Amino acid sequence: MSEYDCVIRGGTVVTAADTVRADVGIRNGKIVTVAEKIEGGKKIIDASGLLVMPGGIDSHVHLAQPAFGGPAMADGFESGTRSAIAGGNTTVIPFALQPRGASLRASVTDYHKEADGQSYCDYGFHLIISDPTPSVLEQELPALVQDGYTSFKVFMTYDDLVLNDRQLLEVFDCARGCGALVMVHCEGYDAIRFMTEKLERAGKTAPYYHAVSRPSSVEREATHRAISHAELTDVPIMVVHVSGREPMEQIRWAQQKGLKIYGETCPQYIALTAEDMKGLNMDESGGKYVCSPPPRDEANWEAIWEGIRSGVFQTFSSDHCPFYYEGSQGKLNPKARTSFKWVPNGIPGVETRMQILYSKGVGEGRITVNEFVALTSTNHAKIYGLYPKKGSIAPGFDADIVLWDPNRKETIRQELMHHGADYTPYEGLKVTGWPVMTLLRGKVVAEEGKITGQKTDGAFLQRELSPYAVPKHAG
Ligand code: URP
Ligand code: ZN
Ligand code: ZN
């Protein structure tokens, strides 16, 4: 047998199933051996005292999305994927967004131009469908699914993206036909508009009122509606960025009924609250935390943990959607100062997702380290058609690995970040557990906060159909 290119020696290998003291042998970018003791190796990485885990897969990341007249995003592929690998991730799945009136295929081509040669980690694309015309539903989507874009996202709010109930049903039905998995943004458009106009009339325009304009009931109603549409069309869906108890309970109810409804949650729903949007004194610094659905409160954090521990949620993603804070392109742009309605929605988080879940989850005894791996990597690979290439440490898998120091104490600070944004919403958060090295297909791409990889290292991933997307009784 020829020599290993690299052996990771002396660490504790953690997968979604097991925790074992083992060495890992890598050849040609793949894991070839996991054994108690591996001799040889052209390169030896000493992992004593470290956890050796599958690289993070963040299946909900927005990069280089169009601004629709609003501020531009702070991350394209170069800075966004640089930030991802610094945070222990090896794969991200951003979105290719179809602007209304445009062809989806053309949008996908445009996103490839953005990503090609500009990615530090591997990537796939979900398809955001804003205009489900007959040609999109009957021709473009089936062909794109065949080409490895095997998941869609649809929105129940936002002027430029919202689909009405009929359109949601048509997309769900199409997904059923082509075996795609649909991610659904569940917030009710009309209720939000009604609340927004009422708040504005009352002069309540500060960023905090973003949270007031879209309370839990708005998310609960939309979640229930999406579940009902999924039941009617007999198609599994993934309810994304779930913020608290009320939508979590809807998903749990559906799962208990036997429906194939899956759930995703994010760091902002266990680490931020609506109070953060008040800023120092109802000032505009609250805009730093504006995202949708909005962070809620500590009681809702506990509900999210309940959902994580009991398996209501399969994935923990960042929903990284970065904007600048300062400047004319930032959260504080002149229009945004006139109403929360114009503050761009979204916060950066791809680089801090794993640390926040590890620290609050494993460190504080809420989940096991194996559940951590499932929530940050393995389940993303399984659900989004990347398994058994990505998402575990075993012979045959890509050597996408993060070496993790479970005892490293850090304070999250903007100066540590590699993203394009000029702030992190988690500034000052103390965490225990930190990525010290990231390997992408056997190559060390980040080490101790330094980027050692190149922006040409990342490859596009043509994904298989999700095994979660095919209803059991489908013909
Ligand atoms: O506020 C958020 N989450 N912005 C990103 C877009 C989305 O809805 O996921
Ligand atoms: Zn969304
Ligand atoms: Zn998102």
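Trainee: Why does K443 count as partly exposed?
Mentor: Its relative accessibility is 33%. Buried means under 20% relative accessible area, exposed means over 50%, and partly exposed is in between, using a 1.4 Å probe and protein chains only. So K443, at 33%, counts as partly exposed. Before we go on: this is a predicted model, where local features need pLDDT of at least 70, side-chain atom pairs count only at pLDDT 80 or more, and totals for chains, interfaces and linings use all residues. Residues are numbered from 1 along each chain as its sequence is written, chains are lettered from A and ligands numbered from 1 in the order in which they are written, and side-chain values use heavy atoms, with hydrogens and water left out.

Trainee: Is D457 buried or exposed?
Mentor: Buried, because its relative accessible area is 16%.

Trainee: How many salt bridges does that rule give?
Mentor: The count comes to 34. Another is K389 with D398, where the closest N and O atoms are 3.6 Å apart. K389 counts as partly exposed because its relative accessibility is 37%, while D398 has 4% and so counts as buried.

Trainee: Now the metals. Which residues are the protein donors of the zinc ion (ligand 3)?
Mentor: H60 (NE2), H62 (NE2) and D319 (OD), lying 1.9 to 2.1 Å from it. Donors are N, O and S atoms within 2.8 Å of the metal (3.2 Å for Na, K and Ca), and since water is not among the atoms, sites may look incomplete.

Trainee: Why is the arrangement around the zinc ion (ligand 3) called tetrahedral?
Mentor: Four donors count as tetrahedral if all angles lie between 85 and 135 degrees. The four donor atoms here subtend angles of 92 to 126°, so the label holds. For comparison, the ideal angle for four tetrahedral donors is 109.5 degrees.

Trainee: How do you know that H60 and D319 are buried?
Mentor: H60 is at 0% relative accessibility, so it counts as buried. D319 is buried too, because its relative accessible area is 8%.

Trainee: And which residues coordinate the zinc ion (ligand 2)?
Mentor: K153 (NZ), H185 (ND1) and H241 (NE2), at 2.0 to 2.1 Å. K153 lies in strand β13 (residues 151-155) and H185 in strand β14 (residues 181-185), so the pair ties together parts that are 32 residues apart in sequence. Both K153 and H185 are buried.

Trainee: How many Å separate the zinc ion (ligand 2) and the zinc ion (ligand 3)?
Mentor: They are 3.9 Å apart.

Key:
Tetrahedral: all angles 85-135°; square planar, octahedral: opposite > 155°, others 65-115°. Helix = DSSP H or I, 4+ residues; strand = E, 2+ residues; numbered from the N terminus. Salt bridge = Lys/Arg side-chain N within 4 Å of Asp/Glu carboxyl O.
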